[in-house]
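Me: Hi! I'm about to open a structure that's new to me. Could you walk me through it?
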Amino acid sequence: MIDLAYVMFIKHDKHQNKIYMEGKIMARMFWVVCPECKKKFYVATIDFKNKKDRRMLCPFCSARFNEDEALEVIR
Ligand SMILES: [Zn+2]
């Protein structure tokens, strides 16, 4: 399981006719299982860093829960 994903973009500058690369560090991602409907969905933790009481929103049943309340956390 990848914790931090480094994504590369290849860009083409039309004016100078040059191709260059640009990188970006993405959020730490993991799967959680909703305690309400028991469905699995993917979340990014960058929003939850140092915000322990910030709750995740289940896209299936709209339940709100934090990481400790999740039925399962798959990293
Ligand atoms: Zn749910």
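Me: Which residues does Val-43 touch, not counting residues up to four places away in sequence?
Reply: Val-43 touches Phe-30, Val-32 and Met-56. Touching here is a contact, with C-beta atoms, placed from the backbone, within 7 Å. A heads-up: this is a predicted model, where local features need pLDDT of at least 70, side-chain atom pairs count only at pLDDT 80 or more, and totals for chains, interfaces and linings use all residues. Residues are numbered from 1 along each chain as its sequence is written.

Me: Thanks! Which residues form the largest nonpolar core?
Reply: That core has five residues: Val-32, Cys-34, Val-43, Met-56 and Cys-58. A nonpolar core is a set of buried Ala, Val, Leu, Ile, Met, Phe, Trp, Tyr and Cys residues joined through C-beta atoms within 7 Å. Buried means 20 or more other C-beta atoms within 10 Å of a residue's own (12 or fewer is exposed, in between is partly exposed).

Me: And how much of the protein is buried?
Reply: Buried residues are 7% of its 75 residues.

Me: New topic: how many helices and strands are there?
Reply: Zero helices and seven strands. Both are DSSP runs numbered from the N terminus: helices are H or I with at least four residues, strands are E with at least two.

Me: What does β3 pair with?
Reply: β3 (residues 29-33) runs antiparallel to β4 (residues 40-44), with five bridges, and also antiparallel to β7 (residues 72-74), with three bridges. Pairing takes at least two DSSP bridges between two strands. Val-32 stands opposite Phe-41 in β4, while Val-33 stands opposite Glu-72 in β7.

Me: What lies between β3 and β4?
Reply: Six residues, making a hairpin; Lys-38 in the turn has a positive phi of about 60 degrees.

Terms used: Two residues are in contact if their C-beta atoms, placed from the backbone, lie within 7 Å.
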